[in-house]
Amino acid sequence: MVNAGDMNGSGNLMDFLDEPFPDVGTYEDFHTIDWLREKSRDTDRHRKITSKSKESIWEFIKSLLDAWSGWVVMLLIGLLAGTLAGVIDLAVDWMTDLKEGVCLSAFWYSHEQCCWTSNETTFDDRDKCPQWQKWSELLVSQSEGASAYILNYFLYIMWALCFAFLAVSLVRVFAPYACGSGIPEIKTILSGFIIRGYLGKWTLLIKTVTLVLVVSSGLSLGKEGPLVHVACCCGNFFSSLFSKYSKNEGKRREVLSAAAAAGVSVAFGAPIGGVLFSLEEVSYYFPLKTLWRSFFAALVAAFTLRSINPFGNSRLVLFYVEYHTPWYMAELFPFILLGVFGGLWGTLFIRCNIAWCRRRKTTRLGKYPVLEVIVITAITAIVAYPNPYTRRSTSELISELFNDCGALESSQLCDYINDPNMTRPVDDIPDRPAGPGVYSAMWQLALALVFKIVITIFTFGMKIPSGLFIPSMAVGAMAGRMVGIGVEQLAYHHHDWIIFRNWCRPGADCVTPGLYAMVGAAACLGGVTRMTVSLVVIMFELTGGLEYIVPLMAAAVTSKWVADAFGKEGIYEAHIHLNGYPFLDVKDEFTHRTLATDVMRPRRGEAPLSVLTQDSMTVEDVETLIKETDYNGFPVVVSKDSERLIGFAQRRELILAIKNARQRQDGVVSNSIVYFTEDPPELPPNSPHPLKLRRILNLSPFTVTDHTPMETVVDIFRKLGLRQCLVTRSGRLLGIITKKDVLRHMAQMANQDPESIMFN
């Protein structure tokens with residue numbers, strides 16, 4: 001009677017796992033989430049809230065708050081991302097100018113702001129005002145001459161080295177994850193991989209500060225890619241405040257997709273381009289609801305940035321242009337040539353940069369990240385200063401290259417020989433012969449182009465925040481402007497040629513070199529990243545050049561075709577493979593005729609699969625199995641003889657369940673029977689209390705037969721985001737295929753080393 005009473009008492013206790021306990025459903029670092037499970041958990045949570053909302057007014061209000069929490073998170077992400085982008089823009093502007101001089105009336109003013117506030121600035125000398133002094137004027141009271149030039153040169157290098165050293169030191173000491181672009185890791189995280197700390201508060205703070213420092217140092221990198229990382233850090237922070245997102249990794253990734261859109265929105269002032277970028281380039285799972293929320297987050301972020309007005313021109317970007325001439329069909333040929341150049345540059349850059357990054361990982365070079373940053377910064381500053389096109393910030397360079405030459409432009413690129421009898425409106429200036437300024441600018445641009453191509457290869461991937469959008473655009477814009485000037489001069493001097501005769505009469509404004517720069521920038525960015533639709537939308541939002549969509553499309557498609565002819569991988573996919581992240585790219589095709597039985601483990605000659613039985617193992621047996629293996633989960637079978645599959649139990653949840661049972665349930669000891677069935681097994685009278693673990697058992701694990709083609713298995717892993725898949729024959733368990741097995745097999749089929757792609 002006593003034993004029976006004990007058993008009845010334990011019956012209530014052993015069902016304690018029907019209540020959730022801490023950390024169940026969470027994942028360990030560097031593991032993949034189970035998308036199907038997360039989706040199922042969210043459906044259960046939603047069903048529970050809906051049924052409770054009918055019970056009382058308070059529960060109904062709670063259900064409304066839950067429904068609105070997604071929009072609140074988007075609003076907060078947009079506000080913070082827009083504010084941070086505005087602060088970064090203002091700080092970069094000031095610190096870039098600080099390398100050359102200082103404003104005496106207010107040291108926190110940039111050169112442009114300083115001269116805005118001056119009453120003594122004239123239109124002809126708009127860049128010179130008494131309040132702004134170069135370092136040579138301030139220190140030795142000389143603005144011209146060799147000594148002044150050398151002093152300014154020396155201080156330019158010193159400031160650049162100071163900014164770069166401070167940035168790499170902050171990253172190294174406080175937030176190692178704040179380095180790089182962040183987009184390869186964001187893509188991997190959005191595909192379901194866990195990298196704890198990558199989107200943390202320290203990473204957000206350090207990346208924001210160091211991004212200002214590295215862009216101001218003059219290194220050949222941009223802030224656009226890292227701004228996506230910054231926005232995703234904001235998304236992660238705000239999603240942790242709402243249990244709907246903090247307790248469900250699948251839902252959290254929906255927020256991060258929208259945050260990526262907000263990041264591109266503030267980086268380029270392109271809200272629609274941001275949404276398309278998130279959809280085309282970074283997101284793995286993008287339901288319609290996420291599309292709307294991404295749109296809202298991008299809108300709020302762009303509105304916030306516009307309110308801050310960092311460039312003082314009431315525009316979201318520095319590159320806004322207005323061209324006054326339409327493009328002509330004959331110009332499609334040079335536009336397509338620029339597309340070919342963009343594709344070739346993209347291929348060259350990816351191959352050289354990956355080779356250099358692999359060398360950094362496998363040689364002693366990787367042990368000295370601070371020294372590498374200092375050396376590259378010193379080389380960049382020494383070579384960049386003498387050339388006016390590399391001395392200024394890359395954003396200002398692109399802005400000048402995009403500009404159309406109006407009557408009021410003072411740039412060397414606009415030094416044309418004017419006809420003294422010209423009496424045309426200011427906006428409609430005819431094509432003119434190039435003056436000496438244009439020819440010297442062409443030489444300087446050619447040198448700047450070669451320098452930018454070489455130095456960007458070594459800069460991207462160092463242990464500092466580094467974006468690739470702006471350097472790629474600069475390379476394309478320089479090449480495009482030179483081609484544009486060439487076509488313009490050809491049309492001027494040979495307007496009687498058949499290709500010019502129909503549309504370029506003498507005295508007409510036929511060719512806009514700035515448009516060629518814009519098309520070249522799009523081509524090079526497309527060649528490196530392999531973006532198409534989002535790239536074209538970003539470019540026309542960036543420049544306001546809605547009329548020039550066709551040239552942009554032609555260049556983007558050509559650059560992608562040319563680059564894809566040499567290899568399908570864009571720079572972000574290449575870095576994902578270099579780092580060995582478990583990322584199954586949707587764009588990759590698997591065309592080999594292998595079967596699930598060829599890939600599953602265990603193979604012939606290997607030890608049999610480690611399994612749990614439904615009601616015949618003790619707590620000690622389970623703990624021993626966990627200790628002796630490092631698998632993430634174990635199939636549960638009826639018995640080791642029959643091997644009929646019952647379900648699948650995750651390693652982490654087994655450990656937590658047993659630990660909690662030992663703490664909260666009396667009578668659970670090492671030789672207690674563990675059972676996964678609904679009813680306890682029949683036990684001898686004096687047996688210790690059994691432990692019921694049915695709640696943590698996945699009763700519907702995804703299974704395939706041993707003759708399922710691997711093409712189908714790969715597709716299932718991609719589209720359902722599986723961690724593992726069990727292989728059966730007539731209900732009997734044969735083996736298991738994990739995501740890593742799929743990646744290894746794909747690498748093997750592509751004649752790569754299967755182990756080289758594994759994340760370490």
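Domain bounds here come from an automatic or database domain assignment.

Figure 1. The assignment divides the protein into domain 1 (82-308), domain 2 (334-361 + 388-417 + 429-578) and domain 3 (596-750). Taken over C-alpha atoms, the centres of domain 2 and domain 3 are separated by 55 Å. Along the principal axes, the C-alpha atoms of the protein occupy a box of roughly 115 × 60 × 55 Å. The protein contains 29 helices and 12 strands; helices (H or I, at least four residues) and strands (E, at least two) are DSSP runs, numbered from the N terminus. Of the 760 residues in the protein, 54% are buried, where buried means under 20% relative accessible area, exposed over 50%, and partly exposed in between (1.4 Å probe, protein chains only). The protein exposes about 34,200 Å², of which carbon and sulfur atoms supply 59%; accessible areas come from the Shrake-Rupley method with a 1.4 Å probe, and for residues only the protein chains shown count as cover. Contact means heavy atoms within 4.5 Å. Among contacts between residues at least 6 apart in sequence, 73% join residues at least 24 apart.

The model is predicted: local features need pLDDT of at least 70 and side-chain atom pairs count only at pLDDT 80 or more, whereas totals for chains, interfaces and linings use all residues. Residues are numbered from 1 along each chain as its sequence is written, and side-chain values use heavy atoms, with hydrogens and water left out.

**Figure 2. Crossing of helices α3 and α13.** Two packed helices are described by the angle between their axes and the distance between the axes. The axes of α3 (residues 57-98) and α13 (residues 288-308) come within 7 Å and cross at roughly 35 degrees. These axes are lines fitted to C-alpha atoms, for helices over the stretch in contact, with angles running from 0 to 180 degrees between N-to-C directions. The crossing of α3 past α13 is right-handed. By class, the contact of α3 with α13 comprises 14 nonpolar, six polar and two charged residues. Ala, Val, Leu, Ile, Met, Phe, Trp, Tyr, Cys and Pro count as nonpolar, Asp, Glu, Lys and Arg as charged, and the others, Gly among them, as polar. A crossing is left-handed if the near helix is turned anticlockwise from the far one by less than a right angle, and right-handed if clockwise.

**Figure 3. Surroundings of helix α7.** Eight of the eight residues of α7 (residues 183-190) are buried, so this helix is largely enclosed by the rest of the structure. The buried residues include Glu185 and Lys187, together with Ile183, Ile186 and Leu190. Packing against them are α2 (35-52), α9 (224-239), α11 (249-268), α12 (271-282), α19 (469-493) and α24 (571-579). Glycine 192 follows α7 and has a positive phi, near 115 degrees.

Figure 4. In α22 (residues 533-543), 10 of the 11 residues are buried, so the helix is largely enclosed by the rest of the structure. Among the buried residues are Val536, Val537, Phe540 and Glu541. Their cover includes α11, α12, α17 (394-402), α19, α21 (513-529) and α23 (549-566). After α22 comes glycine 544, with a positive phi near 75 degrees.

**Figure 5. Valine 714 and its contacts.** Valine 714 lies in helix α28 (residues 710-720) and is buried, with a relative accessible area of 1%. Leaving aside neighbours within four places in sequence, valine 714 is in contact with Phe590, Val742 and Met746.

Figure 6. Most residues other than glycine have a negative phi, and most peptide bonds are trans. The peptide bond from arginine 601 to proline 602 is cis, with omega near 5 degrees; proline 602 is found in the loop between α25 (596-599) and β3 (612-613). Glutamate 643, although not a glycine, has a positive phi of about 55 degrees. This glutamate 643 sits in the loop between β5 (633-637) and β6 (645-650) and is partly exposed, at 25% relative accessible area. Serine 730, likewise not a glycine, has a positive phi of about 55 degrees. Serine 730 belongs to the loop between β11 (724-729) and β12 (732-738) and is exposed, with a relative accessible area of 65%.

**Figure 7. Contacts of glycine 731.** Glycine 731 is found in the loop between β11 and β12 and counts as partly exposed at 35% relative accessibility. Not counting residues up to four places away in sequence, glycine 731 touches Glu643, Arg644 and Leu645.
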